[in-house]
Every structure is written in C-alpha cells, then in structure tokens.
Amino acid sequence: MWGASESSRPARPSPRCGCATDHNSDNTTAMLREWLEAVGKDYHSVAWKVQEEPSSYPDELGPKHWSDKRYENLMRLKQEALTYAREQRADYILFVDTDSILTNNQTLKFLMAQNKSVVAPMLDSQTFYSNFWCGITPQGYYRRTADYFPTKNRQQVGCFAVPMVYATFLIDLRKEETSRLAFYPPHPNYTWAFDDIIVFAYSCQAAGAEVHVCNQQRFGYINVPVKAHQTLEDERANFVHLTLEAMVDGPPMQRSRHISLIPKPLTKMGFDEIFLINLVRRPDRRRRMLASLRELEITPRVVDAVDGSTLNSSNIKVLGVDLLPGYYDPFSGRTLTKGEVGCFLSHYHVWKEIVSQGLERSVVFEDDVRFEAAFPARLQRLMEELEGVQRDWDLIYLGRKQVNAEDEVPVEGVRNLVVAGYSYWTLAYVISRRGAQKLLAAEPLSKMLPVDEFLPIMYDKHPNEDYKRHFAPRDLLVFSAHPLLVYPTHYAGDSNWLSDTETSTIWDDDAKMTDWAGSQKTLRDSRGGASHLRATARDEL
C-alpha cells in the first residue's frame, strides 16, 4: 500500500496525510513510523494516531473477528478523519484501507476527474471478490445481481452507480450532499448490521449521495478477507497469493523503497532439492519464478534447460535421440518437435542428477507455473500424510491436465491425493530417487516422444498400446494432488501465452515449422479443472 501511495500523489497542491493504526500484534506501527519519517516532508501535513495497547478487543474471538467494539473503533476513526478534512476545507478526502494495494499512480487524479460524490476504483483480487456491491436488500444484506460479474470481469467498462463501495474511495467534499455523510454515529433511522461499510452505504443513500465504481483501468488489488475463526497466518498466505497473482497477470505490486524488510528465511520445504527448469533466453520467466518462490520462502536450484531451438538434426543424433517408431501428435498429426526434444532432455538431466546425487525426494518446476494459495503448507501437509500411511510412491503431479473425464481413485488416509490417470503437462511434480531410476532405466532417449506422453506410459495409463510395448516394466507409482497445487500461467490462445515446445520445428527437419494451432494439449481444460480460482472462493463475498 505504501509503495503505491509514494507515486500516486498529485504534485500540487500537496495533500494532507492521515494514518491510524491500533490493536496490532505485529510490527505495523514500526513500519508506519519508518515510512512517515521518510515521506512526511512530501505532504502539506501529517497526522497519525497510534495505539499500541491493548492488542485485542475485549469482545473479539480472535485477531480476524470483527466485533462490535472493533467496528465502532473503525467508524470513529473514519469519522474523525472526515471531520478533520471538513475543518481544513479540503476539496476531497481519499480513504484507503491497508488491504488495498494501488498499482496505478494516476488513481487519485482519475477519481478526481470523474466529478462524482463518492467514487471508488475497482480493485482486483484472486477470486470473485472486489470492493463494491451491485445490489443490496432492503435489510442491508448483499443481493446478487446480473451486473456484478460483467463489471468485475470488465465485460462492461465505465463508471457505474452502485449501492456500496469500500476499502478505497474518494469523497468530493465540495458537493452539497456529501456534507450529510457520516460514519459515526449511524443515521438515526439505521437498523442494518453494525458494520462500517454498511453504515456508510446507508448514509450515502439517506443523504442522496450517488456512489460509483470505475473499472476503465487496472487500479490495483484487494486482499480477500479471511473468516472470523482464521488466523493472521491465513491472511498472510492470502496476501502472498495475491502478490504472486499480480506477478503473473500484472501490474505487479510496487514495494516501498522506504521500508526496511527482514530477509525471509528460505527453505526446501523438507525436500532434498527444488529444481527450477528455465531456458536462458527466457530471463523474464526466471525472474518471475525466482521472485514467486522467494515470496513462498522456497530456495530453488536453477537448471538451464536444453534449448531445442539450438539443436540441429545432426547433434540430436549425437545425443542418442531417436523418435519412438510410429509416434505422431494425437491432435495435429505432426511428429516430435525440437522444443519437445529440449523439454524431454531437460527433465532427463534432472532425473540423472537426482540419481547421481542420491536425492530421495525432490520437486521439479518448469518456469510457467501459477501457484495456488498456501502452496508450501498444502504440499507439506500432503507429504506428511502420505508418509503417515506408509504408501509407496514414485511421482506426484502437482499440476497437470487430466485427459479423461473419469473420476480418479482417492488415496485412503491422504486428503487431496488421487491415483493419477492419463495426464498431460510436466509443469510441476514431486519425484523420488526410485522414480527417477525407473524413468532412466527405460532408456527413453532412443525411443523418444514428448515427456508428458512418456510419463503416462511408465505408469501404464497411456491409451496407445503400440507406444507402451516399447517400454517395460511400466510400474511407476504415480499420484496427483487433487485439487491441483499449481496451474499454467497462461493457456494456448491467451494474449501472453508462449510455448517453446509447441512453437518450434520438426525434430529432424530444420525447415518445417510448427505452431500450437493443431495441438490441444495447451488449451484450457474445458471441464473447468484447470481454473486457478480457489474452489473455496466461488462467491464474490
């Protein structure tokens, strides 16, 4: 939030800055003080209110429970700020909660230019949640409307009248109707829920102050609130996930240059090694993956991928690579591409490293991965439960495309794990030393096909019997996380999609180009299984 505000202020006139923080159980106050000391000179004046003790409310059930006392305190603080702005004869007041992360440094200018009584920038999240309602019942409850998703998804673009905005919004104090707005005490006729958001929505309605939300630009993000029984760690995991999503979809969040950050302790999550396969000519992907893993507190070992585009027919033969007799892509009818040869060799070299170094448990990532929320905790729990039931395993998909629609058998005693059926993709998996040994023992280079076709053969789930007869034994023990823990960053047809395996040349013909149009491997899963939205976050609220 602070990083964005540093680049969002209009040059003239200098605005006044007001900050309030209280009931903290972390280092928020120290961070706020450090930030204000650095940027305070850029404001006309700075007022801040801090209350270190107590760190909790007497009627709260936990740090994320919004009790009446907590709501009242927040409403009083907002009313105090509103009153102060009026006393200073300010033209506008901008409210920004700390769960709002503005990334557009023109947000304030944009909102002022709309000439609205109350106006909010629409904030994006990693779910269907946002900072506005399109409908409200006569009792003050949320009402689902046909306008919400077209607005949230920017299928309709503009500034729209809505009954409620929150988290970040601008009030034009020059307008007569806004002189009647209040956060506290609630309106004399108020009978809705005791909640600062609802109280202000009612105040706008009673004052005749129209409220708008604008979605013409990407303004920033809002962190999805956790439930009352959840913890600060749950909220932190949500925020980390939001940060990772912003790295993929953009615009990325901007850290304040004035806040001292304690380096995060990086681990291998209990594994012997974390491999990250990346083409040297894709430094943007490397940077994003390293930044993502750093946010997740994971330290990887970067492996330079074999670049299929640099291979020619001669040196492919020198490497001992030959095509599996009779292999053709099941969708396009083409044969193997050089990109697919490079991809296979990259994974093959990782498997050799696992065996030579005696690494019992490793994770392998490709560089186009989008992580699910709380990825490290969910993976570690899965592995602990698997160890607890003493089930043998060789490979576990963390992300894949399930080819067949049939339900897969769950693993007894392990939540969120199934016996894997025929699958595409190798974007992320856990592999054991024994599993790597089995894959190498199959001597796949002399009968190569795409690596994501080879794996299902090795666990005997590939539908092509002619392919399978070239490999024995086919006893790889393969499972899959369910729901998946990672997804591709992009799919074929997306504006930012890029594939070095699909867009390539034929493995033994340098002149014959290919593209993704004939293959459906990289298309989004039509069954919806490849959605990166969390299953627990299907509602807007």
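How many Å² does the accessible surface of the protein come to, and what percentage of it belongs to carbon and sulfur atoms? The accessible surface comes to about 25,000 Å², of which 50% belongs to carbon and sulfur atoms; areas come from the Shrake-Rupley method with a 1.4 Å probe, and for residues only the protein chains shown count as cover. The structure is a predicted model, in which local features need pLDDT of at least 70 and side-chain atom pairs count only at pLDDT 80 or more, whereas totals for chains, interfaces and linings use all residues. Residues are numbered from 1 along each chain as its sequence is written, and side-chain values use heavy atoms, with hydrogens and water left out.

Of the 541 residues of the protein, 51% count as buried (buried means under 20% relative accessible area, exposed over 50%, and partly exposed in between, with a 1.4 Å probe and protein chains only). The secondary structure comprises 14 helices and 22 strands; these are DSSP runs numbered from the N terminus, helices being H or I with at least four residues and strands E with at least two. Among contacts (heavy atoms within 4.5 Å) between residues at least 6 apart in sequence, 77% join residues at least 24 apart.

Five strands form an open sheet with mixed pairing, in the order 3-9-5-10-7; two strands pair if DSSP finds at least two bridges between them. At the edges are strand 3 (92-96) and strand 7 (159-161), each pairing on one side only. From one strand to the next, the twist averages 25°, where axes are lines fitted to C-alpha atoms, for helices over the stretch in contact, and angles run from 0 to 180 degrees between N-to-C directions. Helix 3 (residues 68-87) packs on this sheet and touches strand 3 and strand 9 (168-172). The direction of helix 3 makes about 160° with that of strand 3. Within the sheet, strand 5 (residues 118-121) and strand 10 (residues 211-214) run parallel and are joined by four bridges. A120 has V213 in strand 10 as its bridge partner.

Several loops carry backbone features worth a look. R89 counts as exposed, at 74% relative accessibility. H23, another residue other than glycine, has a positive phi near 50° and sits in the loop between strand 1 (16-22) and helix 2 (28-39). In contrast to R89, which is exposed, H23 is buried, with a relative accessible area of 16%.

Two cis peptide bonds can also be described. One joins Y184 and P185, with omega about -5°, and P185 lies in the loop between strand 9 and helix 6 (196-207). Another runs from A472 to P473, with omega near -5°; P473 is placed in the loop between helix 14 (465-468) and strand 19 (478-481).

Helix 6 itself contains S203, which is buried at a relative accessible area of 7%. Leaving aside neighbours within four places in sequence, S203 is in contact with R180, L181 and A182.
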